[in-house]
Amino acid sequence: MSALSSLKVLQSPHGFEWLKSKWDSHLRLPLFSFCYFCDLVKVLPNRLVQIGIRQIDPGERRRLAETNVKFFSMQDVDRYGIGKIMEMTMEYLQPSKDRPIHLSFDIDAFDPSVAPCTGTKVPGGLSLREGLFIGETLADTEALVGM
């Protein structure tokens, strides 16, 4: 299934969930867009969670606040652990456990020691185990409909 097809599957009267592992700066209000085809579907900012964000500049922080995008920085991952981060993420995304989830995982979320091929080599990213835990947690929900 293509990314666009899986996004269309996720559309519902309630919007849809999109878990994003890293901040991406392609923001067009009122919808949040990580990709060129997101204008074709409604990606509601309050249905997003971003995990593993590093180096947030003031403009990005302001846009996150203005658009109500939930995010967890790497400092949050260090403070709470990836297990608690995923608990909070699922409580936010699926309070009634009835919404589909689409996972977009950016290789830049990993620490460059884990993913040396990344174009954004910022130290202090997710470990391989933390990245796998995110995917495992979402798969366990049986609500993951696309990646």
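Tutor: Gladly; this is a predicted model, and we will set its values against the cut-offs.

Student: Why is the contact between aspartate 76 and arginine 79 called a salt bridge?

Tutor: The closest N and O atoms of aspartate 76 and arginine 79 are 3.1 Å apart. The cut-off is within 4 Å, so the pair qualifies. Both belong to helix α3 (residues 74–80), and because they are three residues apart, about one helical turn separates them.

Student: How do you know whether aspartate 76 is buried or exposed?

Tutor: Its relative accessibility is 15%. Buried means under 20%, so aspartate 76 counts as buried.

Student: What makes glutamate 66 and arginine 62 a salt bridge?

Tutor: Their side chains meet at 3.8 Å, N to O, which is within 4 Å, so this pair passes as well. The two residues sit four apart in helix α2, about one turn of the helix. Glutamate 66 has 53% relative accessibility and therefore counts as exposed, the cut-off being over 50%.

Student: What puts the buried residues of α4 on the same side?

Tutor: The buried residues are Ile82, Ile85, Met86, Thr89, Met90 and Leu93. They cover an arc of only 130° around the axis, so they lie on the same side of α4.

Student: What makes the phi of glutamine 55 worth a remark?

Tutor: Phi is near 50° there, a positive value in a residue other than glycine. Most residues other than glycine have a negative phi. Glutamine 55 lies in the loop between β2 (48–53) and α2 (58–67).

How values were computed. Residues are numbered from 1 along each chain as its sequence is written. This is a predicted model: local features need pLDDT of at least 70, side-chain atom pairs count only at pLDDT 80 or more; totals for chains, interfaces and linings use all residues. Side-chain values use heavy atoms; hydrogens and water are left out. Buried means under 20% relative accessible area, exposed over 50%, partly exposed in between (1.4 Å probe, protein chains only). The arc is that of the directions from the helix axis to the C-beta atoms.
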